[in-house]
Amino acid sequence: MANYFNTLPLREQLAELAKCRFMNSSEFADGVEALKGKKMVVIGCGAQGLNQGLNLRDSGLDVSYALRPEAIAQKRQSWKNATENGFVVGTYEELIPTADVVLNLTPDKQHTAVVKAVMPLMKEGACLSYSHGFNIVEEGMKIRDDLTVIMVAPKCPGSEVRAEYVRGFGVPTLIAVHEDNDPKGEGLALAKAYAVGTGGHKAGVLMSSFIAEVKSDLMGEQTILCGMLQTGSILCFDKMVEEGIDPGYASRLIQYGWETITEALKYGGVTNMLDRLSNPAKIKAFDLSEELKVIMRPLYNKHQDDIIDGTFSRVMMEDWANDDANLLKWRAETAETNFEKTPAGDVEISEQEFFDNGILMVAMVKAGVELAFETMTAAGIVAESAYYESLHETPLIANTIARKKLYEMNATISDTAEYGCYLYNHACVPLLADFMKGIKTDVIGKGLSVEDTGVDNKRLIEVNTALRSHPVEAVGAVLRGHMADMKKIV
Amino acid sequence: MGSIIRLENLCVNFDDRFNLHNIEWTIEPNQHWVITGTNGAGKSALAAVLAGVGDIENGTVTGLPNNVGLVSFEAQAELIAKELKKDDADIMDVISLGTPVYEMIFDNCQDPELAHSLVEKFGLSKLLDRAFRKLSTGETRKVMLIRALSSKPDLLILDEPFDGLDVDTLAMLQAHLASIIETTPMVMVLNRFDEMPDFISHVAYVDQGKLTLTVDKKDDNAFNELYQLLHLKTTDLSVPEADPANKLPALDPSQPLVKLNQATIKYGDTVIVDKLDWTIQQGQHWQLSGPNGSGKTCVLSLITGDHPQCYTNDIFVFGFQRGNGESIWQIKQFIGYVSTALQWEYRVSTSCKNVIISGFYDSIGMYTKSTDNQKKIADQWLALLGMKDRADQPFNKLSYGDQRLLLIARAMVKHPPLLILDEPCLGLDDMNRQLVLALIEKICQGSETTVLYVNHHAEDKIEGIENYLGLKKN
């Protein structure tokens, strides 16, 4: 199998990368009609598989689960998940031949094996659905010509996909049709009905392409989402301890700080996150982030370049073939970092204090979001995609750190994201070594100790204008506007 | 001021017309009380006990002063009846004029000077020579007030003293009462909270002949809750109408709302619900009870569609045989649902008004724009709950009890054919429990909703529920 993206002429590569459109809610007027009465068979019953299946069934659709014989025989967790929730469970041989739509919701790494096993069993003219396009785009999996291939990717963890549905809402969802596999021209109708079935249409649906999804998803998760938060956690913690801050306090400030400051990001973008700081602190954070952007830009460019030309996926797949040697080594190293090993102290930190004492963290989030967004859009990915894969998902990842630090984050995200995260971290920690030498507790740990909170008017106006006129803020305002009336769950 | 008045385990019979039960009440010197409650709850009876009315059947009253001044409709009626009797008793063929007002006020008067000034202030100067029984009701009431006030009482009991007074007189009386608070402890019966004078320090709430609550006015929360309770109990407002624009699909009246056939829920080998048959007909209110772990909530969630195993059971609800392509929202539209779990899940920063409106959409939080009519109906509900002024306050800043009330309104806003109340009083204190029950009773009175009520507190009974299903722990 060859990298599919690299087989396309540049013209088509650019066209595919640029595909992304925020769909109008009137486009979902047909509801789940296109899937009514069809047999949907889900492969994999983990968090995404189970929760999407629960939603689809509650939307009136026929859902069952195909598991490997050993998972059934040994009554593994996936089997328990499916049967205790009252789903029909069977082997691939039993269920796949009856399926009108097969939903491949297994981890990325298993895609090749799963699709190879499933494809011969699928009936003529059926539909194969993915929630991530890595297998098609990077691994170059070729799907039988008579099969329709679509992607429906809720942009949240599986538990949230379910929780939002139960509340009467949904999570933002990306859909795409693989143009090479749309023999009956029904791919879009099926993908839309699927998005309605999971509740995604209520929160906003992006019509994208397999290529745009893969190239932006990989970029976001490696850099700002996971990589930046991991690197930032490690650097900020070590700096605070070095400067004599109580380790328990430092651990708490970081573990819960990302979540708190990115909550402000979720509500009002980078602008609102910085507006939570005092004027002098805001200017400080802005200056730091400008500095960080200059230092880190080559790294972001390298990640994006390696993703676009397939270097990243090739190297990672070599590691897969090598029994995950690098992944496992890096995972073990992460567990040994001081931040990871120091439990959060039993101290009270108020919501505002996370901002006031975490100026550097705010600067890192700003720099990471803007760099990821700028790099993606420079590579031909449209702003909407870039927004979702950078700013939108940052709070979701920050929540996982609040739950159980880096361990939880890396356990929750895909192996692909985890691999990319370590890759970023290994390059970024040394890259910021000099920068960190100049950092003191005024920007991480204690807050500014200025007597006078006055600032220069001219400088403040410059900073505010720069914040507000960044392109990620413009597209963010529009996309958040679509969710404004509804997304009020805290 | 005097000594502590104590009513202990007191049961009083009022000519077999009314009984007070097991009253425990302590009135300390310097306290001024208001007794409140609904009509017929026993407010006046409790006040009258302090004036020595009624036959004590059990318990004790200690510390009552000798000189108690009492103004009430009952005392007023009694006095007038006495006057009329005097007339009847006169066997001579002379027209009796009865006792003149002057005598009524000044005979045995302890403080003639005060009496004179009050006569003037009440505008009775020109009526002093008139026969008491010739006065209007309002005028006899004023005479009674003057008599009581000028008797230098050690305890003053005023049952609805402000009823029927014009604005000026009312202000004058309130000012006078305020001027004697240092010397005269007072107990008032008031129906309307807004008439409560500032100097009142404590409130007693009476329900069905029992003193169920006493509240220190300084306790703002308790005081507000009492206000709401009284508002719910006494307001004439009825349950707001449904929104014609959100009309539910019609149900076949010959079909049951719910039919569970051999319903079974199990996790692995653990059976939670075993072969349960249950049919709920339209208009048939049910109470479901059983110990913890007996599967009450599980059974409910089979009906609401929240339990995944509803797809593996034989369940008929609202015209749908489950598992035939219906969506969960087609089921939920017929159900109003309230539970502690819902309250935990309803962690939103949205306004109180939006919480009510979200009931139209069966959603937690609001994800669509509400219509003007929906907003209007939500306002009517807020008025019913006595929470009009809190329409725009964030829901998550409300007290636990107020949240529960709002969620009940949310459940009812669309007038669902089935209202499920899963332990609606769980976690609520006494006051809030009464509030919730008062609201539910109000709902049961004026609507076509079938109520399914889950609880295990016998005292939280609701009028009108006649069918019981008891679950046992498996």
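How many residues of chain A are in contact with how many residues of chain B? In this predicted model, 20 residues of chain A touch 22 residues of chain B, and the two chains bury about 1900 Å² between them. The points below take up the interface, then chain B as a whole, and finally one residue of chain A.

**Interface of chain A and chain B**

- The size of an interface is often given as the accessible area lost when the parts come together.
- Of the roughly stated total of about 1900 Å² buried between chain A and chain B, 50% lies on carbon and sulfur atoms.
- Zero salt bridges are found by the rule across the interface of chain A and chain B.

**Chain B: fold and extent**

- Chain B contains 14 helices and 18 strands, and its C-alpha trace spans about 90 × 50 × 45 Å along the principal axes.
- Of the 474 residues in chain B, 54% are buried.
- Among contacts in chain B with a separation of 6 or more, 71% are between residues 24 or more positions apart.

**Chain B: surface and charge**

- The accessible surface of chain B amounts to about 21700 Å², and carbon and sulfur atoms account for 47% of that area.
- Chain B carries 43 positive and 63 negative side chains, with the centres of the two sets 6 Å apart.

**A:T262 in chain A**

- A:T262 lies in helix α12 of chain A, which covers residues 247-275.
- A:T262 counts as buried because its relative accessible area is 0%, and the cut-off for buried is under 20%.
- Apart from neighbours within four places in sequence, A:T262 is in contact with A:V365, A:T394, A:P395 and A:A398.

Conventions:
Residues are numbered from 1 along each chain as its sequence is written. Chains are lettered from A and ligands numbered from 1 in the order in which they are written. This is a predicted model: local features need pLDDT of at least 70, side-chain atom pairs count only at pLDDT 80 or more; totals for chains, interfaces and linings use all residues. Side-chain values use heavy atoms; hydrogens and water are left out. Helices (H or I, at least four residues) and strands (E, at least two) are DSSP runs, numbered from the N terminus. Buried means under 20% relative accessible area, exposed over 50%, partly exposed in between (1.4 Å probe, protein chains only). Contact means heavy atoms within 4.5 Å. Accessible areas come from the Shrake-Rupley method with a 1.4 Å probe; for residues, only the protein chains shown count as cover. Lys and Arg count as positive and Asp and Glu as negative; His and the chain ends are not counted. The place of a charge is taken as NZ of Lys, CZ of Arg, CG of Asp or CD of Glu. Buried area is the accessible area (1.4 Å probe) that two parts lose on being put together, summed over both. A salt bridge is a side-chain nitrogen of Lys or Arg within 4 Å of a carboxyl oxygen of Asp or Glu.
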